[in-house]
Amino acid sequence: MTTKSNLYRKEKIYGYLFILPPILGLLIFTLFPFVYSLYGSFTDWDGLGQMNFIGFDNFRDLFTDELFYKSMYNTFFLMLGIPIGLVLALLLALGLNRKIPGTTTFRVIYYIPVISSLAAVSIMWNWAYNGDYGLVNQFLELFGIKGPNWLMDKDTVKPALILMTVWKGLGYTMLLYLAALQSVSRSYYEAAELDGASGFQMFRNITWPMVKPVTFFLVVTNIIGGSQIFTEMNIMTPTGGPEYSSASIVFYIWDKAFKNLQMGYASAMAMILGIFIFIVTLIQFKMNEKSSFDGD
């Protein structure tokens, strides 16, 4: 009995040791920073000196800040790339799911941007969008079109960033859709063909419901990632673009926190952003529960 009891205690100790690293990581890198930032949002802390409690002043100032609303609008606008990327990736996945020569090569080509450094990709696109010698304008000149200075024009900077982000994430989205398509049993399509279903009917009634869980996952993760977009505009438009037209909310948070040393104000914006992401994600989960599809 004593031996069993000792073994049980040892197993408990080993179990606690195994779960200790992730728990410490959660406490140190997630929970503590969140609580610290929450408290900081109620102070006028500059990130270096003493944290002076000022109540809800930061939040009151925030809701009268034009640049806050502009950066939120820019962030929402850039999210237009999410449905564009999903549609293009699904079309590519449908094409590459066919048994035709060269599909493996194309899968690798489309996935290369995903594994490329985001900083390097941003620098490459920054060069490509140059108004004088950029590759994009050189291509347009072949058709007699004079392209603009993409990143220096408030009307073209956001579409340019959308094109770049769609290109960067297309391979990852396509790969997930391809995996979902290959998991669909051929018996569904064979039965539909026997019933005389058209290609569109098979897509609407078989393919789309089967890839819907992947779509839900991609929408949730892309909205969370899109809400936190930062690196691209920090490299391609380091001042926030013409008339601050490319600055995302995270860029504005970073600008206030590390350039203007308004860490308390930046923390207040971070709290608002966190609440927004939580609410949007919760709504998506609720909507997914109502429209879930059981493929069994």
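A: Tyr 39, Phe 42, Phe 53, Phe 56 and Phe 59 make up one aromatic cluster. The model is predicted. Across the structure there are 22 aromatic pairs. One of them joins Tyr 244 and Phe 251. Their ring centres lie 6.2 Å apart, and their planes meet at 65°. That angle is over 60 degrees, so the pair counts as edge-to-face. Tyr 244 also pairs with Tyr 252. Here the centres are 5.9 Å apart and the planes stand at 80°, again edge-to-face.

Now burial. Tyr 244 and Phe 251 are both buried. For Tyr 244 the relative accessible area is 12%. Because buried means under 20%, Tyr 244 qualifies. Tyr 252 has 2% relative accessibility and is buried too.

Next, the helix pair. Helix α9 spans residues 186-194, and helix α10 spans residues 199-227. Their axes come within 10 Å and cross at roughly 170°. This angle is over 145 degrees, so α9 runs roughly antiparallel to α10. The crossing of α9 past α10 is right-handed.

Which residues meet? From α9 come Tyr 188, Tyr 189, Ala 192 and Glu 193. From α10 come Met 202, Ile 206, Thr 207 and Met 210. By class, this contact of α9 with α10 holds six nonpolar residues, one polar and one charged. Glu 193 is the charged one and Thr 207 the polar one.

Conventions
Residues are numbered from 1 along each chain as its sequence is written. This is a predicted model: local features need pLDDT of at least 70, side-chain atom pairs count only at pLDDT 80 or more; totals for chains, interfaces and linings use all residues. Side-chain values use heavy atoms; hydrogens and water are left out. Axes are lines fitted to C-alpha atoms, for helices over the stretch in contact, and angles run from 0 to 180 degrees between N-to-C directions. Helices (H or I, at least four residues) and strands (E, at least two) are DSSP runs, numbered from the N terminus. Angles under 35 degrees count as roughly parallel, over 145 as roughly antiparallel, 65 to 115 as roughly perpendicular and the rest as oblique. A crossing is left-handed if the near helix is turned anticlockwise from the far one by less than a right angle, and right-handed if clockwise. Contact means heavy atoms within 4.5 Å. Rings of Phe, Tyr and Trp (its six-membered ring) pair if their centres lie within 6.5 Å; planes under 30 degrees apart count as stacked, over 60 as edge-to-face and the rest as tilted. Buried means under 20% relative accessible area, exposed over 50%, partly exposed in between (1.4 Å probe, protein chains only).
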